[in-house]
Amino acid sequence: MLIKITIKALLATLVLTQLAAYEPAHSLEKKTAPTITQPRLSVQLWSVREDVAADFKSSISKLADMGFEGIELAGDVGEFTDDPSGLAQFVASKGMTISGAHVNYESLSDENFEQTVSFYKRAGVPMLMIGYDARMGKADEVDDAIAELNDLHSKVSAQGLSFGYHNHEFEFSETSNGKQTFWDQLAQSTPPSFVMQIDVGWVNYAGKDPVSFVRRYPGRTISTHYKATLNPEVKDKLPIIGQDSLDWGSLYDANRTVGGTLWLVVEQEEYPNGLTAMEALEMSKQGLDKILKKHKSAK
């Protein structure tokens, strides 16, 4: 009897160890009680891609002056293409950190995987996101996309990095059963440690409520894109945070109390009224600052 109990105990310990190795600690915690977080502000460099391509260092300096605490990479890193340690040091010198990076499937192919992951690890990047996959909006292809994302999640997680997917509007179309979206299918077909990087602008554009999706999957929006993309039915508004129609206060509450969100990543893809990319981005940053200040003071 003692031997049987010991064997059972060893097997139980082995199972728990394997689960802990498969999922980051924060994912295990969120299953029962999401931890309240204090998200920091980052910026997706795609917002100012032409500026970054022209002068990476100067662009990062301007973003630091705007008050961003982090940057999310979008491929182009200027003169640091072959110098990940130098990239990390430069960003740190501006008082910022790298919150994550958007990558494509080719960069994580068998031929490129080791080089890609090595670069981002040496640059201190904590998470990688696939930024686009048209299959995620097609009923006859979505299963293949999810299978590939799950495979990459296992490989990237084994290297100590978080991994996930960033949406556009088509993931919020309804699946063939009419009871859920493709985003729901992705969330329900991936492990808790798979990051669901929801882009609230695209969700709003698709006519859905981003707050409900953050709350639907606790602890999975570790990184969230804050973008003011307008629903086509909205009139007399601008795609600038604070001049649009989204309830940012409720969204922030959901991120902070349920989402497990560490980074709010501001992204600007539209530049109204002749504004430059930097000018439009700065207006959204200022708008978000005012919203968060007012919202926090009202608590």
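Which residues do ring pairs link into a cluster?

A: The model is predicted, so local features need pLDDT of at least 70 and side-chain atom pairs count only at pLDDT 80 or more, while totals for chains, interfaces and linings use all residues. Residues are numbered from 1 along each chain as its sequence is written, and side-chain values use heavy atoms, with hydrogens and water left out.

The cluster consists of Tyr165, Phe172, Trp183 and Phe213, linked by ring pairs. Rings of Phe, Tyr and Trp (its six-membered ring) pair if their centres lie within 6.5 Å; planes under 30 degrees apart count as stacked, over 60 as edge-to-face and the rest as tilted. By this rule there are 10 aromatic pairs. One of them joins tyrosine 165 to tryptophan 183 and is tilted, with 6.4 Å centre to centre and 40° between the planes. Tyrosine 165 belongs to strand β5 (residues 162–166) and tryptophan 183 to helix α8 (residues 182–188), so the pair ties together parts that are 18 residues apart in sequence. Here helices (H or I, at least four residues) and strands (E, at least two) are DSSP runs, numbered from the N terminus. Tyrosine 165 is buried, at a relative accessible area of 0%, and tryptophan 183 is buried at 1%; buried means under 20% relative accessible area, exposed over 50%, partly exposed in between (1.4 Å probe, protein chains only).

Phenylalanine 213, a member of the cluster, has the charged end of arginine 216 over its ring, 4.3 Å from the centre. A charge sits over a ring if NZ of Lys or CZ of Arg is within 6 Å of the ring centre and within 35 degrees of the ring normal.
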